[in-house]
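Reader: I have a model open and some questions about it. Can we go through it piece by piece?

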Amino acid sequence: MNKLILATAAACLAGPVMAAPVDLSSWTAEGGGNWNLQPGNNSVLQTVNGTPTVFYGPGNAQGLQLSGTIQVKTTSDDDFIGFVLGYHAGDLAAASTNFLVVDWKQTNQNFFGCLGQAGLSISLATQGLGDNAGAWCHQGNGVTELARATNLGATGWVDNQEYSFDLIFTASNVQVFVDGVKEIDINGSFADGAFGFYNYSQSNVLYAGITEDVAPPVPGVPEPATWAMLIAGFGLVGGVARRRRAGLPQA
């Protein structure tokens, strides 16, 4: 009986939660892009080489994990693809913002009097995100680069190559995985807001097979719900043990 209760408690803790496909038909486009929903509504193609543009979901996304694939389906241009986290309606053009930008540039390129670096990075945008040195070089205009990727920090994406991605977004931690490899892992105090896709000066970018799931807990630190299940499981085991002792013959 003890073994059965322990096994049941363990199953509750370890039971898989299936990621759910995201219906992108409820998402919103802003900026200088052209976002085209694909059949099934969990993929979208951005076709314009223009100013910063986002395609973001409804509601807040902290505590969630967004997964899928990203692919630049052209050999034209070499600029920015990526994501926004903690985004709110109108943030691209707002004077005061507090959202994160995960962007990936294919090659080094000087513009706006500064160098836009090849590679994957994460930045904080506090004054919107315009067609300027802030978006291009992560310098000034309220954009501050927080970290560059561990392996892809100076390595650009490849034309027509499909990459898998996973974004984990919590109030105190953000992680970015590319092809199953953790590239970014930063701690801080992050504002809540929506997930979104981001393009700047890059056409024909496909985000496909988008799914959403509950973010996994930080290793070694059980979530409150996990603690509750553990305590309940231990309580059941303790109750069985007490009943067994009560039924033993007295010496």
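Reader: Where is Ala149 found?

Author: Ala149 is in the loop between β12 (143-148) and β13 (162-169). Helices (H or I, at least four residues) and strands (E, at least two) are DSSP runs, numbered from the N terminus. This is a predicted model: local features need pLDDT of at least 70, side-chain atom pairs count only at pLDDT 80 or more, and totals for chains, interfaces and linings use all residues. Residues are numbered from 1 along each chain as its sequence is written, and side-chain values use heavy atoms, with hydrogens and water left out.

Reader: Is Ala149 buried or exposed?

Author: Ala149 counts as buried, at 8% relative accessibility. Buried means under 20% relative accessible area, exposed over 50%, and partly exposed in between (1.4 Å probe, protein chains only).

Reader: What does Ala149 touch, not counting residues up to four places away in sequence?

Author: Leu120, Glu183 and Ile184. Contact here means heavy atoms within 4.5 Å.

Reader: How many residues of β8 are buried?

Author: Seven of the seven, residues 99-105, so β8 is largely enclosed by the rest of the structure.

Reader: Which ones point which way from β8?

Author: Phe99, Val101, Asp103 and Lys105 point one way, and Leu100, Val102 and Trp104 the other way. All of them are buried, Asp103 and Lys105 included.

Reader: And how many bridges join β8 to β7 and to β11?

Author: Six bridges join β7 (residues 80-87) to β8, antiparallel. Seven join β8 to β11 (residues 119-125), also antiparallel. On the β11 side, Asp103 stands opposite Ser121 and Leu100 opposite Leu124.

Reader: Switching to β13. How many of its residues are buried?

Author: Six of the eight, so β13 is largely enclosed by the rest of the structure. β13 pairs with β6 (residues 64-72) in the antiparallel sense over eight bridges, and Gln65 has Ile168 as its bridge partner. With β14, β13 pairs in the antiparallel sense over five bridges, where Leu167 has Val176 as its partner.

Reader: What joins β13 to β14?

Author: A hairpin, through three residues.

Reader: Now the voids. How many cavities of 30 Å³ or more?

Author: Two. On a 1 Å grid over the protein atoms alone, a cavity is a set of points where a 1.4 Å probe fits but cannot get out, and lining residues have an atom within 4 Å of a point. Grid points are joined across faces, edges and corners, and a volume is the space filled by probe spheres set on the points.

Reader: What lines the largest cavity?

Author: Its lining includes Ile81, Val102, Trp104, Leu120, Val176 and Val178. The elements giving two or more residues to it are β7, β8, β13 and β14 (173-178). The largest cavity holds about 70 Å³ of space. By class, its lining has 10 nonpolar, two polar and no charged residues. Ala, Val, Leu, Ile, Met, Phe, Trp, Tyr, Cys and Pro count as nonpolar, Asp, Glu, Lys and Arg as charged, and the others, Gly among them, as polar.

Reader: And which classes line the second largest cavity?

Author: Four nonpolar, three polar and two charged residues. About 40 Å³ of space lies in the second largest cavity, and Glu145 and Arg148 are among its lining residues.

Reader: Last topic, backbone. What is the phi of Asp179?

Author: Positive, about 50°, although Asp179 is not a glycine. Most residues other than glycine have a negative phi. Asp179 is in the loop between β14 and β15 (181-187) and is partly exposed, with a relative accessible area of 42%.

Reader: What about Ser201?

Author: Ser201 has a positive phi of about 60°. Ser201 lies in the loop between β16 (194-200) and β17 (205-214) and counts as buried at 12% relative accessibility.

How values were computed:
Two strands pair if DSSP finds at least two bridges between them. On a 1 Å grid over the protein atoms alone, a cavity is a set of points where a 1.4 Å probe fits but cannot get out, and a pocket is an open set with protein on both sides within 12 Å along at least five of seven lines; lining residues have an atom within 4 Å of a point.
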